[in-house]
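Subject: Structure for your files

Hello,

Here is the structure we spoke about. Please open it alongside this message, as the notes below refer to it.

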Amino acid sequence: CGTGFRVGNGSLGLTAAHVLAGVDNPHLLFVFQNRWQAIPLTVLAEHRIQDICVFEFTPPEQLPESWLAPVSSSENSSLVYMLWGYPEDILYDHVDGAQCGRQEPRPELNYSQGYIRRRFDGRLPGLRGNAFYELSDVAGAGCSGAPIFKRPPRQDQKWALIGMYVGERQIERNGFAREIGYALRIDAVLDFLSDNRVEVLAT
């Protein structure tokens, strides 16, 4: 499982390609009329190098335009970002009556924020692609495909999609291990998005 999000004013969405890899009958969970509903989706295109795909779905009702938009800006170290995702570890919250410490699957949207540690071009062990933001915080399993965004310059503009969370890697030094989170840089896939009907805003 992973996180995905809508873009534009139709029924297009984005997520990390590895979230849907090998899935025979992919579905997304959406809230309609205060209830979670499973909706089938179709992968329209997958980037040949970077960990991103465009999918399409048919919502049961008309949806408002997405509040997020991919932007052409290139970000660097110290930029503050925000993220909404569905971390898998909430399934292991201790709740009275839960069997084996695990609850029934229940999506719970979590917010986090941090800053870009560095901009990185190149391959990283365990991650697909070669265009990353190294992040100050780890979002965790289940957040792959979550949007990394920043505030718009004006209140009447959409929030700027600058990246997509794609995973973590573990680094061990001097007997200590730590995880570092990474996001795909949206500026590396602008042509791919435009070629697949996803509008990109110039900045």
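This is a predicted model: local features need pLDDT of at least 70, side-chain atom pairs count only at pLDDT 80 or more; totals for chains, interfaces and linings use all residues.

The whole chain

The chain has 2 helices and 12 strands. Read from the N terminus, the order of elements is β-β-α-β-β-β-β-β-β-β-β-β-β-α. The chain is as compact as a globular protein of its length, because its radius of gyration is 17 Å and the globule rule gives 17 Å for 203 residues. The C-alpha trace spans about 55 × 50 × 35 Å along its principal axes.

Of the 203 residues, 44% count as buried. The accessible surface of the chain is about 11400 Å², and carbon and sulfur atoms account for 46% of that surface. As for how the chain folds back on itself, take the contacts between residues at least 6 apart in sequence: 63% of them join residues at least 24 apart.

M82 is in strand β7, which covers residues 80-85. Is M82 buried or exposed? Its relative accessibility is 6%, under the 20% cut-off, so M82 counts as buried. Setting aside neighbours within four places in sequence, M82 is in contact with Y111, S112 and Q113, with P147, I148, F149, K150 and R151, and with W159. Y115 lies 33 residues from M82 in sequence, with 8.5 Å between the two C-alpha atoms.

T42 is in strand β4, residues 35-46. At 47% relative accessibility T42 counts as partly exposed, because that value falls between the 20% and 50% cut-offs. With neighbours within four places in sequence again left out, T42 is in contact with V54, F55 and E56. T42 and N25 are 17 residues apart along the chain, and their C-alpha atoms are separated by 8.9 Å.

The second largest pocket

Which residues line the second largest pocket? They are V71, S73, K150, R151, P152, P153, Q157, K158, A160, L201, A202 and T203. By class, this lining has 6 nonpolar, 3 polar and 3 charged residues. The volume of the pocket is about 170 Å³.

Regards

Conventions:
Residues are numbered from 1 along each chain as its sequence is written. Side-chain values use heavy atoms; hydrogens and water are left out. On a 1 Å grid over the protein atoms alone, a cavity is a set of points where a 1.4 Å probe fits but cannot get out, and a pocket is an open set with protein on both sides within 12 Å along at least five of seven lines; lining residues have an atom within 4 Å of a point. Grid points are joined across faces, edges and corners, and a volume is the space filled by probe spheres set on the points. Ala, Val, Leu, Ile, Met, Phe, Trp, Tyr, Cys and Pro count as nonpolar, Asp, Glu, Lys and Arg as charged, and the others, Gly among them, as polar. Helices (H or I, at least four residues) and strands (E, at least two) are DSSP runs, numbered from the N terminus. The radius of gyration is taken over C-alpha atoms; the globule rule is 2.2 Å times the number of residues to the power 0.38. Buried means under 20% relative accessible area, exposed over 50%, partly exposed in between (1.4 Å probe, protein chains only). Contact means heavy atoms within 4.5 Å. Accessible areas come from the Shrake-Rupley method with a 1.4 Å probe; for residues, only the protein chains shown count as cover.
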